[in-house]
Amino acid sequence: MLNYQSFTVLASIASTVFGRSLDTLSVEDYPIETEELPTACNDLDDGYHWIRPLDTSDDYVNIYVYCNNGYTVLNPSLFDILNHHHPKALFTSYSDVTDFVGSGTLNDHVTWREWFIPADDDTKFAIAEDCQTCVEDEDFGENTVYYMTGNYNGCLWITKGYCDMDPDSLECYECLAPMADEPVSGLCTHMHADADRPVNSAHDDCVGTSYNAMPSIGTEGEYCVCYKPKSASMVKASAWVTPDVDDADLQTPDTVVEVYATDFADGTYRILQPGIYRLMEDIELEMNSGDHSNPNAADMWYPREEQEADYMGAGGTFIGPYAMGFFAGFAIESDDVTIDLNGHEMKMNKIFHHQQRWFSIIEVGSKAFISGQGPANFGPYMTYANNVEIKNGIIGLSSHHGIHANGFNNLYIHDVTVQHFEVAGMAMNGFIGLKIENCEIGPVFTHVPVLGVYTQARIMLPRLRKVAEDNPGGLVKFSNRGTFTIDEVIDELQSQMDIMFDYHINGVDYKDMDEDPVRIEKARETFENVKGLPSSSTVYGIFLNSYGASVFAISGAPGTSETAILTNVHIHGLYKDPWEVPRIVLTKGPFNDIMDFTRVTDDGLQTTNSKYIGSAYTDAQYAIHKLSEDWGVLGHSVMPTKVDTWIEEGKAMGVAKCRCNGDIMLHVTKGVFGLRIDNVAGVVIDKVEIDDLQNIGELGSYICGNYESTDDGGHRNQNWPLQRGYTGTEVHALSFVGAQGTVDHLKIHNIVSARGDAFAMQFFPNNKFEIGENIVISDIHAGAHLPKNVLTSLPDSMPNKIPRACAIDMWTWTDEESEFYANELTFVNQARVAAKCLTTHTFCSNSEYDHDVIQANIEPCDETTIVKQQLDETDENHLIYQHYIRHISSHHQRLFNIMQEHHSLPNFYPERAFPNGSPLKRNGNGLVLFVMFASILVFAIWKFRQSAAPKQISNAATQSEEYETASEHEEYEPLMKDGPSSYDTYQEAQ
């Protein structure tokens, strides 16, 4: 076992179900002979006392409290939530929301005064941050309580992502945010508020407005609430129930536990005790195996209701770690654990991979998201695992991650290959002490049978069945098709999903199916992944991050992780064709599943007169919104009135606002990252190689106009200017933001973007690094399948940027208000850093924000690089992929074939964003208009000339001959565009 220094974390002891606060009193502390108790602390001395606030029902139990100056301090942390004497019975409803805060249940929309049953109009309130000293806020006086902001209960809060609560100190902040006129609290579990502050009761308000808050109370010995009734009296004590004593013996870290495939048959293997868990055979995971003739019926490859005690979220509440299915092979919920792969491979089998589309082979922790984050409500309790070692084997096929972890101290991963993942090989959040050694990451899985919509449909089906159970006569109307029952909506969705299963798993050819051909065609349009590449918007080799998930902004997570050592690590084979999903603002399903109207309207949402055609899945999203009032089912569902009447009555939406640069799960599109490091101190990168990163994505949509940021049509959470315009076409071999450390013995090569930027190393703001002299960079190619005039001929190319290729890109832009400060980079010997063969459409330093710090070191392409030094004089950047990259292997030929199937160009001036048409036409700029259309014509002719190339997307390379170069051609020069340079500004500043 790795023997690092141990550190303190919030919760490291696994309970029978999940981590939560424990009883603080021994059996001897219960005064079981006492027959009468006071109702409050009004007349009691300061200190701990037993009281009984209400005696009108046996449900109102005796509770243990602290008294301070006549106030009664409510402190749930004194008891386990299952303890008979926990104060939960004194509230209209009660649920732990995170590891450290409680509130009412989702459907209980009451003020603090209404929530606490003993309170009346005369009751005074105060707060006790230390759970002993009661104080009043100057703004709220004798009505001072705590509320938690939206997000923790699934509702919106205006400053989300701008000044969130500090994850370590739990300190809350105030800040400005878009649409906020004055500073507002950031995300916070204990915002000061008035005890009578109203709570939104309509789900549309929860997800449609930006100010949502609910009563809260601390559950870990901080942020308690005090109350003082007008008077107190003596009442009869309720029954005394003392807790059972747990004498269970724990395993030691040296205990060896043999692990077999059968151990996973009923679900995730939850490791609750220390030990060495040793694989005794190759393991292909398949949990709760289902019926192949009815594969999407209830409980197929999914947690069953009777498993709720072990897999919280399985019981139909949709609250808990397993609310979206089995999320991991191993879930490590104990300290001092070793996973010894023992030379074996652990992976999903083909069937389970098809049906459980959200999964990590190993999860370090009790759930995938910390409390208050994620597409669903993953429950309150998070058990972090410390001193964990993973070694000696292969982590194979996974529908999301190989290894995923939150909040650990000391994780050592070594001699491991992670391959055939779809989102990330490794993703680590909020840690102290990580060492990755002798590991290979890649390639991604490139034969994914279904799109992300199938993933969403699998998660949606249990919710739909709950809607049918609660509202069996529910009807939903579609303007172009008539009225349907909820059962008919479910049947259509399930039938189309079954078609995919029959084809991919049962091996039934579409033409041989006993099914309506129209239904088959619709199923294929909705679910089939003909490209085979993962259909998300971003892929990572390794992502090291601060606290919590960071699916939105660069540097989007709070706090700082500490100490990450990567030695002898090879990251390779990351291929991506990002899928952008422009959306009507605030239109989504229960788990942030965007309603993708670009695929289900008659014109792809290009005009303000788009007509809803629908799919089995978008119909289901609409049905849930119309037919359910259960907040647990509705989750994040949002349906603006304009969209509602558009779908139901066919009324035109008009100029409904659109947002772009997002994917089907509301994430910001980011492209490809080999190694991304956000807010990590103590980074050591040594002997790391990153190669063969290929982003073949299409240009971003112009449906949202020429946007650059959130303010003018971009994703709500993209972090301008770190994320300008559309970012889905980018490739970053190695990126840093807010990090500190050293880099040496680094090799980066074959980093290619077909239509966007390509970065070998990128230092966003706030970094402090020493860069060694053993850095080798080669074959960095930007816009390798994009004709040079397509974007440069436009008056405004945004949201698509002119592609840049950069060797070591450093940001000079700073913003102290946003806490983005200047980088501090030092080189051991900058002249020894080697960079060769960068092809680009404009200089890397042609930017007002960043520049290439080794610009003078870059050498031209030659016979040692993939792209050769000499090219035919008619060749340009858009032929690099065709002439060079595709010949590397059959995989690259397949990527090229996929690009041949792409749309030639986007609509630069869709009527939805440009109701007056092209600005070129309005300005009468005939020359520019001619240049633009001439470039498009040239591109069309080139595409036509390539028509002889095979269109079938396959593994096999269709051409293996090398491109022959003549001996008497001009030296190839990258395509450039003049403009302001941050490099020049930086040099002047020096």
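This is a predicted model: local features need pLDDT of at least 70, side-chain atom pairs count only at pLDDT 80 or more; totals for chains, interfaces and linings use all residues.
Residues are numbered from 1 along each chain as its sequence is written, and side-chain values use heavy atoms, leaving out hydrogens and water. Local features need pLDDT of at least 70 and side-chain atom pairs count only at pLDDT 80 or more, while totals for chains, interfaces and linings use all residues.

View 1. Helices (H or I, at least four residues) and strands (E, at least two) are DSSP runs, numbered from the N terminus. Of the 990 residues, 60% are buried (under 20% relative accessible area, 1.4 Å probe, protein chains only). Take contacts (heavy atoms within 4.5 Å) between residues at least 6 apart in sequence: 74% of them join residues at least 24 apart.

**View 2. S753 sits in strand β38, residues 740-753.** Why does S753 count as buried? Its relative accessibility is 0%. Leaving aside residues up to four places away in sequence, S753 touches N695, T729, V731, A758, H781, A782, G783 and A784.

**View 3. Helix α7 (residues 616-627) meets helix α9 (residues 641-649).** Their axes, lines fitted to C-alpha atoms over the stretch in contact, come within 12 Å and cross at roughly 115 degrees. The two helices, α7 and α9, are therefore roughly perpendicular (65 to 115 degrees between N-to-C directions, on a scale from 0 to 180). On the α7 side, look for Y622, H625 and K626, which meet D644, I647 and E648 of α9.

Note on methods
Buried means under 20% relative accessible area, exposed over 50%, partly exposed in between (1.4 Å probe, protein chains only). Angles under 35 degrees count as roughly parallel, over 145 as roughly antiparallel, 65 to 115 as roughly perpendicular and the rest as oblique.
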